[in-house]
Amino acid sequence: MYKKGIYRIERNERLTETVWRMTLAGDTQWITAPGQFVNIALTGKYLRRPISVCDWDEGRITLIYKVVGEGTEQMSRLTPGAELDLLTGLGNGFSTKNDARRPLLVGGGVGVPPLYGLARQLLAAGKPVEVVLGFNTAAEIFYEEEFRALGCNVTVATADGSRGIEGFVTTAIAGAGLDFDYFYACGPLPMLHALYNAVEQDGQMSFEERMGCGFGACMGCTCKTKYGNKRICREGPVLQKGEIIW
Ligand SMILES: Cc1cc2nc3c(=O)[nH]c(=O)nc-3n(C[C@H](O)[C@H](O)[C@H](O)COP(=O)(O)OP(=O)(O)OC[C@H]3O[C@@H](n4cnc5c(N)ncnc54)[C@H](O)[C@@H]3O)c2cc1C
Ligand code: FES
């Protein structure tokens with residue numbers, strides 16, 4: 001169930017050279033799971049821009065976004081007090097209804113944000129949470145300390161070795177000897193594919209496909225799964241490992 005609403009920007013701050021965090025005040029009752037996303041209407045843009053919910057409470061949504069084009073650049077210029085038209089409650093989100101006792105969360109670049117709300121929920125359920133964060137270089141790292149402050153055990157990997165383990169998230173998982181029985185992941189497609197091949201444990205992956213409508217009407221985000229076609233915006237963006245076809 002999704003809903004359209006008007007949200008007031010409380011904060012919009014830069015975390016790295018290209019990544020920003022925006023806090024919005026408004027109705028959050030339609031957000032039901034970590035890993036869901038909002039779809040943002042922007043001036044002069046026909047299509048809304050989908051951004052994962054990083055975290056939320058009774059009256060506030062936190063988003064983290066990377067400036068990659070005109071839409072996200074427009075977002076970075078918005079100041080506190082400005083209002084945005086959002087669809088909230090979109091997508092299935094991660095499901096924590098499973099037997100996992102030691103979950104591993106794997107995020108790459110702007111795939112990291114939705115794992116924050118998930119980590120908070122898993123910790124509240126009494127589970128120890130391992131987190132592996134992958135970035136290209138040290139200057140691009142964000143939320144390492146925020147995950148630690150929640151109580152997660154955090155390992156960072158950078159492709160150029162400027163911080164943490166040199167290599168990809170899969171290098172870090174193999175090298176750090178992490179003990180986990182289930183995983184949740186979000187990141188670029190090559191990262192998800194490498195993780196799928198490298199990890200034998202079961203898990204869930206969130207796919208950040210290009211989207212049209214964002215709420216299931218245009219079929220523009222349809223992908224094949226072992227259980228038939230699914231719309232990433234509606235039956236996703238989170239798929240179970242066992243249903244994914246590469
Ligand atoms: C379910 C979902 C959740 C997302 N969550 C986040 C998030 O939490 N934080 C975040 O920064 N981004 C997220 N994205 C990606 C975000 O929607 C795009 O980066 C954004 O729409 C780009 O808008 P733009 O107008 O700035 O760029 P555009 O002008 O639309 O595109 C600029 C460049 O970005 C590329 N691009 C655009 N959309 C995507 C995409 N979905 N995946 C990969 N490349 C893309 C284009 O190919 C182009 O090269 C998410 C996408 C989806 C589908
Ligand atoms: S984006 Fe329109 S159906 Fe998914």
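User: What covers the buried residues of helix 2, and how should I read the word buried here?

Analyst: Buried means a relative accessible area under 20%, exposed means over 50%, and partly exposed is in between, with a 1.4 Å probe and protein chains only. Helices (H or I, at least four residues) and strands (E, at least two) are DSSP runs, numbered from the N terminus, and contact means heavy atoms within 4.5 Å. In this predicted model, local features need pLDDT of at least 70 and side-chain atom pairs count only at pLDDT 80 or more, while totals for chains, interfaces and linings use all residues. Residues are numbered from 1 along each chain as its sequence is written, chains are lettered from A and ligands numbered from 1 in the order in which they are written, and side-chain values use heavy atoms, with hydrogens and water left out. In helix 2 (residues 113–124), the buried residues are Pro-113, Pro-114, Leu-115, Tyr-116, Gly-117, Leu-118, Ala-119 and Leu-122. Their cover includes strand 4, strand 5, strand 7, helix 3 (144–150) and strand 11. After helix 2 comes Gly-126, whose phi is positive, near 85°.

User: Why do the buried residues of helix 5 line one face of the helix?

Analyst: The general idea is that an α-helix has 3.6 residues a turn, so residues three or four places apart point the same way. In helix 5 (residues 189–198), Met-191, Leu-192, Leu-195 and Tyr-196 are buried. Seen down the axis of helix 5, these buried residues fall within an arc of 135°, so they line one face of the helix; the arc is that of the directions from the helix axis to the C-beta atoms. The face turned away from the buried side of helix 5 carries the exposed residues Pro-190, Asn-197 and Ala-198. Packed against the buried residues of helix 5 are strand 7 (103–108), helix 4 (169–175), strand 11 (182–186) and strand 12 (203–206).

User: Which residues come nearest to ligand 1?

Analyst: A residue is near a molecule or strand if one of its heavy atoms lies within 4 Å of it. Around ligand 1 there are 18 such residues, of which Arg-49, Pro-50, Lys-66, Gly-71 and Thr-72 come nearest. An N or O atom in the side chain of Arg-49 is 2.7 Å from an oxygen atom of ligand 1, a backbone N or O atom of Pro-50 lies 2.5 Å from an oxygen atom of the ligand, and a polar backbone atom of Lys-66 is 2.7 Å from an oxygen atom of ligand 1. Taken alone, ligand 1 exposes 880 Å², and the protein buries 75% of that. Strand 4 (49–56), strand 5 (60–66) and helix 1 (70–76) are the elements that give two or more residues to the shell, with the largest share, four residues, coming from strand 4.

User: Is Ser-52 buried or exposed, and which side chain does Ser-52 meet in a polar contact?

Analyst: A polar contact is a pair of N or O atoms within 3.5 Å; within protein, one must be able to donate a hydrogen and the other to accept it, and residues adjacent in sequence count only if both atoms are side-chain atoms. Ser-52 is found in strand 4 and is buried, with a relative accessible area of 14%. A polar contact of 3.4 Å joins its side chain to that of Glu-208.

How values were computed: Areas by Shrake-Rupley, 256 points an atom, 1.4 Å probe, with all protein chains shown as cover.
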